[in-house]
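Subject: A structure for you to explore

Hi there,

Here is the structure I promised to pass on to you. Please open it beside this email, and then read on for what turned up.

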Amino acid sequence: MLNLVFFGKPGAGKGTQAAIIKEKFNLVHLSTGDLFRYNMKNDTPLGQLAKSYIDAGNLVPDQVTIDMLEDAVLKNKDAKGFIFDGFPRTDAQAEALDELMKRLQMKIDATIALEADDDILVERLLNRGLTSGRSDDQDESKIRNRFDEYTAKTAPLRSFYTEQSKFHEIQGVGSVDEITSRILTVIESL
Ligand code: AMP
């Protein structure tokens with residue numbers, strides 16, 4: 001099995017790269033942002049609950065997110081591995097993911113962090129907002145709030161994974177192919 005966490009600020013390219021790496025290794029790509037957006041589009045109770053947080057650029061509460069993620073993993077028990085994209089984003093989520101992995105006799109092999117400057121990310125997100133229709137991509141103050149959430153709650157996970165010798169940082173600026181090959185170098189080193 002190969003289980004990867006894709007880590008990085010909004011706009012760092014996690015989703016783009018996850019879609020490519022998933023194909024190469026036949027993995028299941030679980031994006032909590034995509035799962036929330038699917039639920040919002042279908043107006044499910046979960047989608048209704050998540051909407052106000054997402055629209056404001058705040059994190060959805062931990063237990064809601066953890067339950068949703070666990071459910072998605074359990075639905076894909078026969079997978080060759082997973083890419084967790086946008087999860088974990090808090091200490092509690094990281095602990096819950098480790099516990100889930102243990103319970104299923106699985107483990108996280110690596111956390112791959114995509115790095116880029118805020119100004120580049122804001123530009124990418126505003127551009128994406130022109131076509132994605134995502135309200136959280138269309139307003140610079142919401143984007144900056146997502147960065148603040150990341151800095152306060154998600155960035156500290158760097159030490160959580162560094163302590164487990166699983167944190168691999170790569171430069172997230174360059175062509176899509178260049179970034180993919182940086183990720184492949186990390187995977188080959190595992
Ligand atoms: P993303 O598509 O990963 O940028 O996520 C979009 C939004 O969904 C975030 O700004 C949060 O509101 C919510 N979200 C996605 N993943 C998580 C998570 N792991 N924990 C809490 N909220 C999340």
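Arg146 is buried, with a relative accessible area of 11%; buried means under 20% relative accessible area, exposed over 50%, and partly exposed in between, using a 1.4 Å probe and protein chains only. Please keep in mind that this is a predicted model, in which local features need pLDDT of at least 70 and side-chain atom pairs count only at pLDDT 80 or more, while totals for chains, interfaces and linings use all residues. Residues are numbered from 1 along each chain as its sequence is written, and side-chain values use heavy atoms, with hydrogens and water left out.

What does Arg146 meet in a salt bridge? Its partner is the side chain of Asp136, at 3.8 Å from N to O. A salt bridge here is a side-chain nitrogen of Lys or Arg within 4 Å of a carboxyl oxygen of Asp or Glu. Asp136 lies in the loop between α6 (118–132) and α7 (140–154), and Arg146 in helix α7, so the pair ties together parts that are ten residues apart in sequence. (Helices are DSSP runs of H or I with at least four residues, strands are runs of E with at least two, and both are numbered from the N terminus.) Asp136 is buried too, at 6% relative accessible area.

Another salt bridge joins the side chains of Asp137 and Arg134, at 3.7 Å from N to O. Asp137 is buried with a relative accessible area of 0%, and Arg134 is buried with 15%. Now try to see these residues together: Arg128, Arg134, Asp136, Asp137 and Arg146 are linked in a network of salt bridges.

How many salt bridges does the structure hold? There are 15. One of them is formed by the side chains of Glu70 and Arg103, at 3.3 Å from N to O. Glu70 lies in helix α4 (residues 62–74) and Arg103 in helix α5 (residues 91–103), so this pair ties together parts that are 33 residues apart in sequence. Glu70 is buried, with a relative accessible area of 17%, whereas Arg103 counts as exposed at 53%.

Next, the helix pairs. Two packed helices are described by the angle between their axes and the distance between the axes. The axes are lines fitted to C-alpha atoms, for helices over the stretch in contact, and angles run from 0 to 180 degrees between N-to-C directions.

Let's start with α6 and α7, which pack at an angle of about 130° with their axes 10 Å apart. The two helices are therefore oblique to each other; angles under 35 degrees count as roughly parallel, over 145 as roughly antiparallel, 65 to 115 as roughly perpendicular and the rest as oblique. Their crossing is right-handed. A crossing is left-handed if the near helix is turned anticlockwise from the far one by less than a right angle, and right-handed if clockwise. On the α6 side, the contact is made by Asp118, Asp119, Leu121, Val122, Leu125, Leu126 and Arg128, and on the α7 side by Glu140, Ile143, Arg144, Arg146 and Phe147. Contact means heavy atoms within 4.5 Å. These residues divide into six nonpolar, no polar and six charged. For that count, Ala, Val, Leu, Ile, Met, Phe, Trp, Tyr, Cys and Pro are nonpolar, Asp, Glu, Lys and Arg are charged, and the others, Gly among them, are polar.

The axes of α2 (residues 32–41) and α3 (residues 45–56) come within 8 Å and cross at roughly 115°, and this crossing is left-handed. Here Phe36, Asn39 and Met40 in α2 meet Leu46, Gly47, Ala50, Lys51 and Ile54 in α3. The residues of this contact divide into five nonpolar, two polar and one charged.

Finally, a few single residues to look up:

- Thr111 is in strand β4 (residues 110–115) and counts as buried at 0% relative accessibility.
- Lys41, in helix α2, is exposed with a relative accessible area of 75%.
- The peptide bond from Phe87 to Pro88 is cis, with omega near 0°, and Pro88 lies in the loop between β3 (81–85) and α5.
- Asn26 has a phi near 60°, a positive value in a residue other than glycine, and is partly exposed at 48%.

Enjoy exploring!
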